[in-house]
Amino acid sequence: MKKSKCRQPLPKILLNLLLLLCLLYSSSISSLAAAAEREAEPIRVLLLYDSLAKDSPKAGNVEALQQQLAAFGAQVTLLSVDGYSGGMLEQYSKAILVRNAADMELTNAAFVQDRIAYRGDYFHIGEELPAPQQQSLHIAIEQTPSEETMRLAIGPFSDEAVRVQNTPYIVMEQTTANPSVNPQAEAYGSFTPKQNSGADGSSPYAARNEHTAYVPYFQKGNLSELAMSYVLKDWLGLAEPGQTYLLFKEIYPFSDLTLLAQMADTLYDAGIPFAISVQPVFSNSEFPAMKRYLETLKYVQSRNGSVLVNAPVVASTIGQNDQTLKTKMTSFIDVLAAYGIAPLGMGAEMYWSYDKEYAVDGMGFFNSAVLLPNKKLMYRSQSNVSKPFASSLYSISPSYLASFDREGKAWEPLPMNTALTYDFAENEAQLSADLASITESWMTFADYKQQGHEVRTEAHVILSQGGHMTINGQAVTLNDALRQVSSDYEYADKGTVSFTTLFNVQNKIFIVIIIVSLFIFGFLFMIGYRLYRRKYFK
């Protein structure tokens with residue numbers, strides 16, 4: 001009987017090689033996972049201010065800065081300088097100080113000392129740029145007269161009549177220092193006093209080098225608000241170009257839905273993608289009015305429109321123990337998803353992202369948002385740390401952009417992802433005017449569905465990527481047939497009908513009794529009348 005040959009063991013060197021390859025593979029997988037996790041983490045920024053400058057021209061500039069940072073994907077910790085505690089700067093790689101009050105001395109010694117030792121990226125806005133940062137940027141600071149008209153220009157935009165008072169501006173200094181050791185600052189735009197010959201027309205609006213940035217003038221509502229975004233983007237180290245999206249808000253179930261469908265048709269025929277931010281409905285989802293609302297939203301979605309859920313209206317008297325917001329938002333999202341409508345994000349005033357309860361119970365379903373300017377602050381549980389979003393748009397009104405001069409017909413991309421925001425028209429004339437300004441603007445609008453969006457409730461997972469939308473893994477069906485909804489609806493339950501026959505008999509009996517009574521009354525009346533006449537004639 002032949003002996004079977006034993007299989008020879010693999011050489012030791014081959015085993016070691018295989019083990020090494022396995023280690024390298026697992027290490028590379030771990031590195032990629034760690035890199036993806038780091039990339040997903042938002043940039044953390046400490047935003048400090050000396051004053052909110054209420055009741056002054058600078059009022060609202062801190063809020064505008066918060067909105068821009070959100071549009072760049074940053075997580076912001078907002079704090080007054082007076083509330084700063086020693087050692088906080090060390091916890092952030094990027095810090096911004098807004099100096100709105102030149103006459104207000106920084107008395108917080110902990111902040112002053114920590115700023116001297118700070119080695120992270122520092123952004124100074126407004127008055128009193130510290131000497132070390134001024135030397136680092138190789139700039140000198142001049143001051144405008146008490147009242148001055150400035151020309152502000154950046155990118156393709158310019159404004160010839162910016163009125164300022166006692167405002168600093170930058171004068172670039174020539175330097176012979178080694179650029180590799182102390183590089184010359186990059187200048188942004190121009191901010192030039194019209195009557196100051198010393199500036200010789202060469203004053204930059206802002207200056208920035210590798211770790212320091214300075215903007216001497218920043219005011220919400222004029223061109224400096226937009227100019228800030230150019231500097232801020234580079235200081236944050238972001239390179240991806242911004243996209244512009246078209247957004248219509250203030251859309252309710254009682255809005256003119258025929259006009260909404262007409263708007264969708266016009267934009268679809270013009271090849272313009274758009275988004276709508278719709279008001280949620282938390283009850284009566286079976287009513288015909290709600291069905292027509294849903295049917296119109298589904299039609300808009302089929303005409304290359306993206307649907308966002310707007311933040312619900314909150315009352316100033318809302319109870320602190322009211323825990324129904326999450327349930328209500330869940331119900332509306334589920335109603336949309338069950339109807340074949342894929343909401344891709346949320347529209348809300350910016351303060352919602354600084355409220356612990358609103359950010360979780362109202363915005364926690366979405367990883368995308370359009371943060372609108374605050375109209376009225378109604379915090380429930382205010383926080384000084386913002387909720388970041390993977391996708392966040394900076395809202396700009398058409399009237400704001402129209403107030404500046406611009407070079408060229410075609411629009412250059414803005415630094416951040418921006419929503420050009422219109423209130424939905426109340427009548428056909430207003431809609432025609434809005435659509436005419438859009439189609440004639442030479443502005444290129446991006447499709448909101450092309451971005452990655454994710455919305456989750458317990459019952460539904462809504463995803464969008466590259467224009468492809470799914471609900472619970474099933475592709476969204478885009479059916480452009482606008483189905484008519486019947487107005488016949490039983491708004492109240494019918495009562496018990498077991499005694500219907502009895503009630504009908506009783507009604508007939510009562511009718512007979514009333515008729516007989518009227519006949520008897522008439523007969524007695526006639527007799528009385530005749531007796532009265534006889535007595536009168538006698």
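Biologist: Which residue lies over the face of Trp 411?
Modeller: A charge counts as sitting over a ring if NZ of Lys or CZ of Arg is within 6 Å of the ring centre and within 35 degrees of the ring normal. This is a predicted model, in which local features need pLDDT of at least 70 and side-chain atom pairs count only at pLDDT 80 or more, while totals for chains, interfaces and linings use all residues. Residues are numbered from 1 along each chain as its sequence is written, and side-chain values use heavy atoms, with hydrogens and water left out. At 3.8 Å from the ring centre of Trp 411, the residue over its face is Arg 406.

Biologist: And how far is Lys 94 from the ring centre of Trp 235?
Modeller: Lys 94 lies over the face of Trp 235. The distance to the ring centre is 4.9 Å.

Biologist: Happy to move to the fold: how many helices and strands does the protein chain have?
Modeller: Helices (H or I, at least four residues) and strands (E, at least two) are taken as DSSP runs and numbered from the N terminus. On that basis the count for the protein chain is twelve helices and 24 strands.

Biologist: Which residue of S16 stands opposite Val 307?
Modeller: Strand S15 (residues 305-310) and strand S16 (residues 343-349) run parallel and are joined by four bridges. Opposite Val 307 stands Pro 343.

Biologist: Which strands stand at the edges of the open sheet?
Modeller: Four strands form this sheet in the order S10-S6-S7-S19, with antiparallel pairing. Each edge strand has a single partner, so one side of each is left without a neighbour in the sheet. The edge strands are S10 and S19.

Biologist: Which residue in S10 is the bridge partner of Met 150?
Modeller: Strand S6 (residues 148-154) pairs with S10 in the antiparallel sense over four bridges. The partner of Met 150 there is Pro 193.

Biologist: Is strand S1 largely enclosed or left open, and how many of its residues are buried?
Modeller: Buried means under 20% relative accessible area, exposed over 50% and partly exposed in between (1.4 Å probe, protein chains only). S1 runs parallel to strand S2 (residues 74-80), joined by seven bridges, and Ile 43 stands opposite Ala 74 in S2. S1 (residues 43-49) is largely enclosed by the rest of the structure, because the buried residues number five of the seven.

Biologist: Why is the pair of Phe 191 and Tyr 205 put in its geometric class?
Modeller: Rings of Phe, Tyr and Trp (its six-membered ring) pair if their centres lie within 6.5 Å; planes under 30 degrees apart count as stacked, over 60 as edge-to-face and the rest as tilted. The search of the whole structure finds 14 aromatic pairs. With centres 6.0 Å apart and planes at 85°, Phe 191 and Tyr 205 are edge-to-face.

Biologist: How many residues apart are Tyr 245 and Tyr 448?
Modeller: These two make an edge-to-face pair, 5.7 Å centre to centre with 85° between the planes. Tyr 245 is in strand S13 (residues 244-251) and Tyr 448 in the loop between helix H11 (428-439) and strand S21 (453-456). Both tyrosines are buried.

Biologist: Where is Asn 166, with its positive phi, found?
Modeller: Asn 166 is not a glycine, yet its phi is about 50°. At 43% relative accessibility it counts as partly exposed. Its place is the loop between strand S7 (157-164) and strand S8 (168-172).

Biologist: Glu 250 has a positive phi too; which strand holds it?
Modeller: Glu 250 has a phi of about 60° although it is not a glycine. It is partly exposed, at 27% relative accessibility. Its strand is S13.

Notes: Pairing = 2+ DSSP bridges.
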